[in-house]
Amino acid sequence: MNLPAAIDAILEHTLEVDPRDYNAIRLRRRVWLRAIEILQEIWDSWDWEFRYKVDASLTLPSGDNEVSAPSDFHSIAYEGALWIPSHRAPIHERPSSWLMECRRHNPTATGFPEYFAAFGESDSGIAVLRFDKLAGTDVVMQMDYE
């Protein structure tokens, strides 16, 4: 339901509104502003579960050490996680400086990654996730994110 339809529904079911005022501009504006306030209050509540994507899959191809996040990726939330289901192993988020130092000391390491960091965005504006290892095989991961 879009906002104008929501305003119509609110007005229609509000007992205090005189039917003659149904299309009154001032009344509609008041209702519109209140509806926006309510939507903002709901959206700004950090603990609403609908804000989180659960079990989104992500594949790190063999030989790569970075991958673009899903197009709707915003951030790893406080409740979020990134892990490898086949190993039941989490991949921990680290600051980008820490990860780059780790990669500098282990430039040819292979295997399953243990750490990742978000590095800016791709050309299309999608967040890039970088990992501490060059995967020797395709690594399928699961994501919970905001």
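Trainee: What is the relative accessible area of Glu114?
Mentor: First, this is a predicted model, where local features need pLDDT of at least 70 and side-chain atom pairs count only at pLDDT 80 or more, while totals for chains, interfaces and linings use all residues. Residues are numbered from 1 along each chain as its sequence is written, and side-chain values use heavy atoms, with hydrogens and water left out. Buried means under 20% relative accessible area, exposed over 50%, and partly exposed in between (1.4 Å probe, protein chains only). Glu114 counts as partly exposed, at 38%.

Trainee: Which residue forms a salt bridge with Glu114?
Mentor: The rule for a salt bridge asks for a side-chain nitrogen of Lys or Arg within 4 Å of a carboxyl oxygen of Asp or Glu. For Glu114, the closest N and O atoms are 3.9 Å apart, and the partner is Lys133.

Trainee: Asp132 is buried; how far away is the nearest side chain of opposite charge?
Mentor: Asp132 is in the loop between strand S7 (127-131) and strand S8 (139-145). Lys and Arg count as positive, Asp and Glu as negative, and His and the chain ends are not counted. Asp132 has no salt bridge, and the nearest side chain of opposite charge belongs to Lys133, at 5.1 Å.

Trainee: Which residue has its backbone nitrogen 3.0 Å from a polar atom of the Asp132 side chain?
Mentor: Leaving aside neighbours within four places in sequence, Asp132 touches Leu99, Cys102, Arg103, Pro113, Glu114 and Tyr115, where contact means heavy atoms within 4.5 Å. The backbone nitrogen lying 3.0 Å from a polar atom of the Asp132 side chain belongs to Glu114.

Trainee: How many salt bridges are there by this rule?
Mentor: One of them joins Arg104 and Glu101 at 2.8 Å, N to O. Both residues lie in helix H3 (residues 96-105), three residues apart, about one turn of the helix; Arg104 is exposed at 56%, and Glu101 is partly exposed at 35%. By this rule the count of salt bridges comes to four.

Trainee: Which residue does Glu66 form a salt bridge with?
Mentor: The closest N and O atoms of that pair are 2.7 Å apart, and the partner of Glu66 is Arg130. The pair links distant parts of the chain, 64 residues apart, from Glu66 in strand S2 (residues 66-68) to strand S7.

Trainee: What is the angle between the planes of Phe73 and Tyr145?
Mentor: Rings of Phe, Tyr and Trp (its six-membered ring) pair if their centres lie within 6.5 Å; planes under 30 degrees apart count as stacked, over 60 as edge-to-face and the rest as tilted. The whole structure holds three aromatic pairs. Phe73 and Tyr145 form one that is tilted, 5.3 Å centre to centre, with an angle between the planes of 50 degrees.

Trainee: How far apart are the ring centres of Phe116 and Phe131?
Mentor: Phe116 and Phe131 are both buried. The planes of Phe116 and Phe131 meet at 35 degrees, so their pair is tilted, and the ring centres are apart by 6.2 Å.

Trainee: What is the order of the four strands in the open sheet?
Mentor: Two strands pair if DSSP finds at least two bridges between them. S3 (residues 81-84) and S4 run antiparallel and are joined by two bridges, with Ala89 in S4 as the bridge partner of Ile84. In the open sheet the pairing is antiparallel, and the order is S1-S8-S3-S4.

Trainee: How many helices and strands does the protein have?
Mentor: Along the sequence the pattern reads α-α-β-β-β-β-β-α-β-β-β. The secondary structure comes to three helices and eight strands.

Methods
A polar contact is a pair of N or O atoms within 3.5 Å; within protein, one must be able to donate a hydrogen and the other to accept it, and residues adjacent in sequence count only if both atoms are side-chain atoms.
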